[in-house]
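User: I have a structure to go through today. Could you take me around it, one region at a time?
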Amino acid sequence: MRNNYTKKYNFHQIFILLLISQNFHPILAIPTDTITPTQPLTKDQTLISPGQLFELGFFTPGGANSDKWYVGIWYKEIEDKTIVWVANRANPLSSSSTSVLQITENNTLLLIDGQTRNPVWSSDETPATNIIAQLLDSGNFVIRPENDDEEQSYIWQSFDYPTDTLLPGMKLGWDLKTGLNRNITSWKTPIDPAPGDYTFKINTNGLPEAFLTEKQKIKYRSGAWNGVRFSGVPEMKPTEIITFEFQFKSDEIFYMFELHNKTLYSRLLVNHNGLLERYTWIPTNSIWNRFWYAPKDQCDGYKECGLSGICDTNLSPICKCMMGFKPKNQIAWDLRDGSDGCVRFHKLDCETDDFNVLGNMKLPDTTSSFVDKNMNLDECEDMCRKNCSCTAYTSSNITGSGSGCVIWSTQLVDMRQYAAAEGGQVLYVRVASSDAVHSVGVGSGNSSGKTKTIAIAAGIIVLFGVALCFLSKRRIYQRSIRTRSENRGLSERSQELLMNAAIIPSKREFSGETSTEEIELPLFDFGTLAMATENFSDATKLGQGGFGCVYKAMLVEGQEVAVKRLSKNSGQGVEEFKNELRLIARLQHRNLVRLLGCCVDMEEKMLIYEYLENKSLDTILFSKSFSLYFGHSSLSHHIHH
């Protein structure tokens, strides 16, 4: 009896001593990186990875006054505790000091609330025996057989259940073998790790790409993986420090990144405000540096320019329609709202349709696309031509000479165009034959003759622009125009306004000066004007005179202009044309309609003016805007005709 009493007394004494030791020692690091069936983890203890890189333990994100506790993983050497994984994010513990994380008799890792004695989180059950739980230097917390540390032997791992952070080596995506679809979801608030409203995940339908969603609504789209990067993330460039990987297999689709220097810290985070951010740790300044985030501009917004619309931050407004398309809602478009997108000028005719080439594109949403990684681009084009429902096609991989095939049979949505040096890839869009222009953009990753034609056309345009910048004498200018007229073909025409200045030199004879006066006018492309006037249709004709017709045109930027197309039989040659340019350019006045530019293409010669509504003379004279509109119904009429 005495012995039993003594044993009971000693047991209670030991229990009290344990409580005292826990109360007076806030955090005790276990001299190991593992939890065993005989060595659980209590609230005031932590695990530390072998290389002292990561730490696992109990924490409270709400400060000293918080009564909510969690088990999580953070960086060991960073004082400002940066949490990268949370076990019980939706089920906090009470403040009881007797909570424990332990391996149970049925070989499950179990977290028990010390106050209620209820389990709040557990790993998957497993029939394995003799297991341990270990924290690795990668930040991965794994359950494995005690005597087998090979990765393929892991029974469970935290990397399969990410919270709001993607670490190096962690996979984002789908695994058929395990049935897992891994994604990262924001915290609810900065002090509440419960799942928030924002999720970053791989969409495995069609050609896989990544979506950032807000309550299941797409907020941002990365663009499809093109063998080098996501087509909508031009900043995504492999370096000696970091590399990116994307696997697209029948049993596994995932994205991940790796750091080659394991002592460097980088993480991808979905924050509670709905931003996708990549951070790197700067040890010299002891700060997390945000060097990339999305969405970062208006064009990153999903469907910003609607169906068949292209977003381009280098334009103002940022939305434009593809060649062969026009704004669906012109009024909203004029008010800089492009969300209604664009519609075709002309209906498609399967047998005669052609393809326009768009360069430096973030590919359209690929959810409903068809993908064949074994086809080449010519085979892809052939399949698209034969399928009357096909709206666009491109290569699925731009590395080397390009490979694979992606075909869209639905309307194109969420497209973006980048500057040539930024990224993107070539996209071939189906249009009616009357809307086809074959040098709309420049891309990479193709070996077909079509790409070579694009590159040649781009080279000619660049060379022409450089030449125009330095030409100042009449003889050089005439030779350049003559050479361009002889060599330039239809395949070189572009939808864009050429930003090269056409210089019309003339001597200042009346002032006695011998220096050359240079009048700079923008040079418009023939293809642009043809598209803007619906191929100079009668519906856009404003009038007709002895020297040609005047058409109303809508440029891709939404600007209305008047185009005077000189008749080929007017008898007006290049010299007469330049004389008219000189005269009108010198007559620029606030009371006269402005000359905006010109166009010379083979036998075509055109003048582009600002467009003003025609009104009666008394309306003009008594208008409050008299000084602005004076001359359009009289003098400008004579200039046009």
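User: Which residue stands opposite F254 in strand 22?
Analyst: Q247 stands opposite F254 in strand 22. Strands here are DSSP runs of E with at least two residues, helices are runs of H or I with at least four residues, and both are numbered from the N terminus. This is a predicted model, in which local features need pLDDT of at least 70 and side-chain atom pairs count only at pLDDT 80 or more, while totals for chains, interfaces and linings use all residues. Residues are numbered from 1 along each chain as its sequence is written, and side-chain values use heavy atoms, with hydrogens and water left out.

User: How many bridges join strand 21 to strand 22?
Analyst: Strand 21 (residues 242–248) and strand 22 run antiparallel and are joined by 7 bridges. Two strands count as paired if DSSP finds at least two bridges between them. A hairpin of 3 residues links strand 21 to strand 22.

User: Which residues have the most contacts inside the largest nonpolar core?
Analyst: They are L56, L101, W121, F141, F200 and Y255, in a core of 61 residues. Strand 22 (residues 252–259) gives the most to this core, with 4 residues. Another core lies apart from it and has 25 residues, among them A224, I318, L363 and W408. A nonpolar core is a set of buried Ala, Val, Leu, Ile, Met, Phe, Trp, Tyr and Cys residues joined through side-chain atoms within 4.5 Å.

User: And what does F200 touch?
Analyst: Not counting residues up to four places away in sequence, F200 touches L172, N183, I184, A210, F211, L212, L268, V270 and L276. A contact means heavy atoms within 4.5 Å.

User: New topic. What is the order of the open sheet of 4 strands?
Analyst: The order is 3-8-9-10, and the pairing is antiparallel. Strand 3 (41–42) and strand 10 (119–122) stand at the edges with a single partner strand each, so one side of each has no neighbour in the sheet. Strand 3 pairs with strand 8 (residues 100–103) over 2 bridges, and L41 stands opposite L101 in strand 8.

User: Where is S94, and is it buried or exposed?
Analyst: S94 is in the loop between strand 7 (83–86) and strand 8. It is buried, with a relative accessible area of 17%.

User: What is S94 in contact with?
Analyst: Leaving aside neighbours within four places in sequence, S94 is in contact with D67, W69, D113 and Q115. Its side chain makes a polar contact of 2.9 Å with the side chain of D113 and another, of 3.3 Å, with the side chain of Q115. A polar contact is a pair of N or O atoms within 3.5 Å; within protein, one must be able to donate a hydrogen and the other to accept it, and residues adjacent in sequence count only if both atoms are side-chain atoms.

User: Which residues of helix 3 are buried?
Analyst: In helix 3 (residues 377–386), L377, C380, E381 and C384 are buried. Seen down the helix axis, the buried residues fall within an arc of 100 degrees, so they line one face of helix 3. That arc is taken from the directions from the helix axis to the C-beta atoms. N376 caps the N-terminal end, with a side-chain oxygen 3.2 Å from the backbone nitrogen of D378.

User: Where does UniProt place the feature "binding site"?
Analyst: The unreviewed UniProt entry places it at K564. UniProt positions are given in the numbering used here, feature names are shortened, and annotations may be inferred rather than shown by experiment. K564 lies in strand 40 (residues 560–566) and counts as buried, at 5% relative accessibility.

Methods. Buried means under 20% relative accessible area, exposed over 50%, partly exposed in between (1.4 Å probe, protein chains only).
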